[in-house]
Amino acid sequence: MGFLVKQECPQCGGPVELDETDHILQCPYCDVKSFLFSDEPFRFVLPHKTQNKEILYVPYLRFRGVVYACRAREVAYRIVDITRLAVPLKRFPISLGLRPQAMKMSFVNQKTEGSFLKCFLKTPEMLDQAEKQSSAATSDKIFHRAYVGEAINLIYLPLYLKKGALFDAITHHPVARLPRDRKKLSSITENIPPWNITFLATLCPRCGWNLEGQRDSVVLTCPNCQTAWEARRGRFVSVDFLMLSDQDPGVTYLPFWKMSVRTEGIPMNSFADFMQITNQPKIIKKAWHHQGMMFWSPAFKIRPKLFLAISRRLTLAQENSDCRKEFTDQTRHPVTLPLAEAIQGIKMTLAHSTVSKKEILPRLPVINMAVKGATLMYLPFHQTAHEMIQPHTGLAINKKSLEFGRYL
Ligand SMILES: [Zn+2]
Ligand SMILES: [Zn+2]
């Protein structure tokens, strides 16, 4: 379950409420849109009303997303929502429980007063520990793991010192005795307010026009100069895109990442190699030997079972029909899954596409895959009462699953 964030509009200072999954702040007062950006995980504080006390912020690492695991015969997945203490201090609460959901949080910023403890926990480490504790853990060997994150954040719990003990600054309950060695605490404290979010003006870097996007969009588009943009290292960079033509005005376009991949550890230089390696029950066409290998992935959030199925279906189809680099007036579903997350799924798609899994899956640890280039592909879908159907590939996606995916 996601949480809510309070934030002032960077333009007019008006109070705005955001969902955790939002990337665009659209101010209801001045109507200005800002894109929220950070190269690092977002950092939030649980709000407190304690006054005249020195506050110590204790970090908790949060992961919400899907953990995929390739075992000998299958690709398994689990939806995970977990928050864990990120400092090596015993006696502190290990988790924040439901508090992030129950309270409105704020971004850490330069005005947040207090000292911050450093984060020592890494996401894979946290998920590994959780996996070991979970009752679902089996002894099956795992050949590859991937984490496709919807949200990876740091949440800070505010504490204050009173009579040698640390108190929760929200409930005023004692949390832990102060460590006997005071230096230990100061040695793991960050000196400066450690982090600040960047608000990017949603203006086209090429022509200055207002970029279009919905609140959960990670790629914004310019209707004026026909370009697409994603934020990287504090600025918008151009995204290569193509639309597969369809004259029907009623179609909806869904976005997919098409990734050109270089593989080491297994000879896979063409689509023909891929079909052979994954034992597809199809006769290899001559042209496939000259066709570079492209992995496909949804560029929108959707449940893991469908994520795997769609990635496999489109990777096997290698749709290459008549495409244009121009937006049409037809409806477009927002891009809610960044390329970086789609890349996490490539090995899973190889595993999930493989017919005789027990031959390929144990080789996954020695296979390296690097993305050479990516294109955002918009494919047209025709709507029926319950489904969206892609006419070229026959791919059908349930409408409710698509809508539900936006709230994952
Ligand atoms: Zn405003
Ligand atoms: Zn433009």
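Some bookkeeping comes first. The model is predicted, so local features are taken at pLDDT of at least 70 and side-chain atom pairs only at pLDDT 80 or more, while totals for chains, interfaces and linings use all residues. Residues count from 1 along each chain as its sequence is written, with chains lettered from A and ligands numbered from 1 in the order in which they are written.

The protein splits into domain 1 (38–198) and domain 2 (240–405), with bounds that come from an automatic or database domain assignment. Taken over C-alpha atoms, the centres of domain 1 and domain 2 sit 35 Å apart. Where they meet, 16 residues of domain 1 are in contact with 16 residues of domain 2, contact being C-beta atoms, placed from the backbone, within 7 Å of each other. On the domain 1 side, β6, β7 and β10 each bring at least two residues to this surface, and β10 makes the largest contribution, with 6 residues. Strands here are DSSP runs of E with at least two residues, helices runs of H or I with at least four, numbered from the N terminus. By class, that side of domain 1 has 11 nonpolar, 2 polar and 3 charged residues; Ala, Val, Leu, Ile, Met, Phe, Trp, Tyr, Cys and Pro count as nonpolar, Asp, Glu, Lys and Arg as charged, and the others, Gly among them, as polar.

Helix α5 (residues 304–317) runs for 14 residues and spans 20 Å from its first C-alpha to its last, close to the 20 Å expected at 1.5 Å a residue, that expectation being 1.5 Å times one less than the number of residues. Its buried residues are Pro304, Phe307, Leu308, Ile310, Ser311, Arg312, Leu314 and Thr315. A residue is called buried with 20 or more other C-beta atoms (placed from the backbone) within 10 Å of its own, exposed with 12 or fewer, and partly exposed in between. The elements covering these buried residues of α5 include β6 (55–70), β7 (75–85), β19 (252–264), β20 (294–298), α7 (346–353) and β25 (396–398).

Asp31, not a glycine, shows a phi of about 70° in the loop between β3 (24–26) and β4 (33–37); it counts as exposed because it has 10 C-beta neighbours inside 10 Å. Lys163, again not a glycine, has a phi of about 45° and belongs to the loop between β10 (144–162) and β11 (165–168). With 7 C-beta neighbours inside 10 Å, Lys163 is exposed too.

Technical notes: Two residues are in contact if their C-beta atoms, placed from the backbone, lie within 7 Å.
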